[in-house]
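Please look through the model below with its helices, nonpolar cores and salt bridges in mind. The briefing that follows takes these topics in turn.

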Amino acid sequence: MRCRIYTETMELPEAVDRAMDECIREGVLKDFLMEHRAEARAMSIFEYDQERHMQQEREAGIEKGKEQLLRRQVQKNLSRGMQAAELAELLDESEERIREIIDLCAAEEAREGK
């Protein structure tokens with residue numbers, strides 16, 4: 001990760017170190033930063049990465065939702081008598097993928113005793 005500080009580009013850890021050094025020189029949270037520098041540095045870097053982590057979580061949630069929708073569509077259309085090849089064409093998926101979903105649904109039903 002790179003940050004732009006003033007007109008200079010640097011890696012995030014270096015930018016955090018520079019910002020803390022500047023705060024100490026200017027007396028901003030000087031005592032706290034001198035005593036807890038390592039924790040403040042780690043937390044600053046973690047907070048930045050947290051944004052990226054949250055975006056990844058959102059994307060994973062969207063993918064999970066798409067997968068659940070696809071499974072429901074497969075189950076619904078199977079109950080109407082459609083075959084895997086027809087489902088693949090209807091849902092714009094490979095027949096292999098549709099068969100995987102059918103197998104997963106059957107395994108879940110078996111575990112649940114249906």
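**Briefing on the model**

Lys-66 and Glu-63 both belong to helix α2, where they sit 3 residues apart, about one turn of the helix; helices are DSSP runs of H or I with at least four residues, numbered from the N terminus. This is a predicted model, in which local features need pLDDT of at least 70 and side-chain atom pairs count only at pLDDT 80 or more, while totals for chains, interfaces and linings use all residues. Residues are numbered from 1 along each chain as its sequence is written, and side-chain values use heavy atoms, with hydrogens and water left out.

**Salt bridges**

- The structure holds 7 salt bridges, a salt bridge being a side-chain nitrogen of Lys or Arg within 4 Å of a carboxyl oxygen of Asp or Glu.
- The side chains of Lys-66 and Glu-63 form one of them, at 3.7 Å from N to O, and Glu-63 is partly exposed with a relative accessible area of 48% (buried means under 20% relative accessible area, exposed over 50%, and partly exposed in between, with a 1.4 Å probe and protein chains only).
- Glu-67 pairs with Arg-97 in a salt bridge whose closest N and O atoms are 2.4 Å apart. Because Glu-67 lies in helix α2 and Arg-97 in helix α4, this pair ties together parts that are 30 residues apart in sequence.
- Glu-67 is partly exposed, at a relative accessible area of 26%, and a network of salt bridges links Glu-67, Arg-97 and Glu-100.
- Within helix α4, Glu-95 and Arg-99 are 4 residues apart, about one turn of the helix, and they form a salt bridge with closest N and O atoms 2.7 Å apart.
- An α-helix has 3.6 residues a turn, so residues three or four places apart point the same way.

**Nonpolar cores**

- The largest nonpolar core has 9 residues, namely Leu-70, Val-74, Ala-84, Leu-87, Ala-88, Leu-91, Ile-98, Ile-101 and Cys-105; such a core is a set of buried Ala, Val, Leu, Ile, Met, Phe, Trp, Tyr and Cys residues joined through side-chain atoms within 4.5 Å.
- Helices α2 (30-79), α3 (84-91) and α4 (95-112) each supply at least two residues of this core, and α3 gives the most, with 4 residues.
- Apart from this core lies another, of 7 residues, which includes Leu-12, Met-20, Ile-24 and Ile-45.
- Ile-98 is in contact (heavy atoms within 4.5 Å) with Val-74, Ala-84, Leu-87, Ala-88, Leu-91 and Glu-93, leaving aside its neighbours within four places in sequence.

- Helix α1 (residues 12-26) has 15 residues and should span 21 Å at 1.5 Å a residue, which agrees with its end C-alpha atoms being 21 Å apart; the expected span is 1.5 Å times one less than the number of residues.
- Leu-12, Ala-15, Val-16, Met-20 and Ile-24 are buried in α1, and just after this helix Gly-27 takes a positive phi of about 80°.
- Ile-45, placed in helix α2, is buried with a relative accessible area of 18%, and touches Leu-12, Pro-13 and Val-16, not counting residues up to four places away in sequence.
- Ile-45 and Ala-15 are 30 residues apart in sequence, with their C-alpha atoms 9.7 Å apart in space.

**Cysteines**

- The count of disulfides, taken as pairs of cysteine sulfur atoms within 2.5 Å, comes to 0.
- Cys-23 is partly exposed at 27% relative accessibility, whereas Cys-105 is buried, with a relative accessible area of 6%.
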